[in-house]
Amino acid sequence: MKTKKQQILNLAGWTWSWVATLALATFGPQFIWDDHQLLTILFVGLNFANGIAMVIANRHFFNSLDELQRKIQLEALGITLGLTVIIGITYSLLDTTNLIGADAEIGFLVGMIGVIYFLSTLIIGRRYA
């Protein structure tokens, strides 16, 4: 069984690998391989495979946690899911009703997920400390 530090490093490695393949799939067609469709398909597939590996690493990480750590993570994930749905639908509604000038972009929502999860984990962790 891996130590907690090894689990975290494994998860971080898969996460950064996913981010790197996402960047390549996103920017590669425009800046590296001049819209070569086969390479684009390859990197989108590679990104998808890295995403699956990241989810598996995340699952292994959560399974390595003790009961209190799991409780903290579960509460943080619940808050994150709820707020993401509320913020995401509101953001989309603001766009579709033209109450905001720009188009609603998924990147904003992904960023909000990270911020909400980080803050809720810190706040909930302090409550149990």
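Visitor: How many salt bridges does the count come to, and what makes a pair a salt bridge?
Guide: The count comes to 2 salt bridges. The rule asks for a side-chain nitrogen of Lys or Arg within 4 Å of a carboxyl oxygen of Asp or Glu. This is a predicted model, where local features need pLDDT of at least 70 and side-chain atom pairs count only at pLDDT 80 or more, while totals for chains, interfaces and linings use all residues. Residues are numbered from 1 along each chain as its sequence is written, and side-chain values use heavy atoms, with hydrogens and water left out.

Visitor: Why are Lys71 and Glu75 called a salt bridge?
Guide: Their side chains meet at 3.1 Å, N to O; the limit is 4 Å, so the pair qualifies. Lys71 and Glu75 are 4 residues apart in helix H3, and therefore separated by about one helical turn. Helices here are DSSP runs (H or I, at least four residues), and strands are runs of E of at least two, numbered from the N terminus.

Visitor: Why is Arg127 called exposed?
Guide: Exposed means over 50% relative accessible area, buried under 20%, and partly exposed in between (1.4 Å probe, protein chains only). Arg127 has 52%, so it counts as exposed. Lys71 at 40% is partly exposed, and so is Glu75 at 23%.

Visitor: How do you know which residues Phe108 touches?
Guide: Contact means heavy atoms within 4.5 Å. Not counting residues up to four places away in sequence, Phe108 touches Ile87 and Tyr91. Phe108 lies in helix H4 and is partly exposed, with a relative accessible area of 39%. Phe108 and Tyr91 are 17 residues apart in sequence and 9.4 Å apart in space, C-alpha to C-alpha.

Visitor: At what angle do the axes of H3 and H4 cross?
Guide: The axes of H3 (residues 67-96) and H4 (residues 106-128) come within 8 Å and cross at roughly 145°. Axes are lines fitted to C-alpha atoms, for helices over the stretch in contact, and angles run from 0 to 180 degrees between N-to-C directions.
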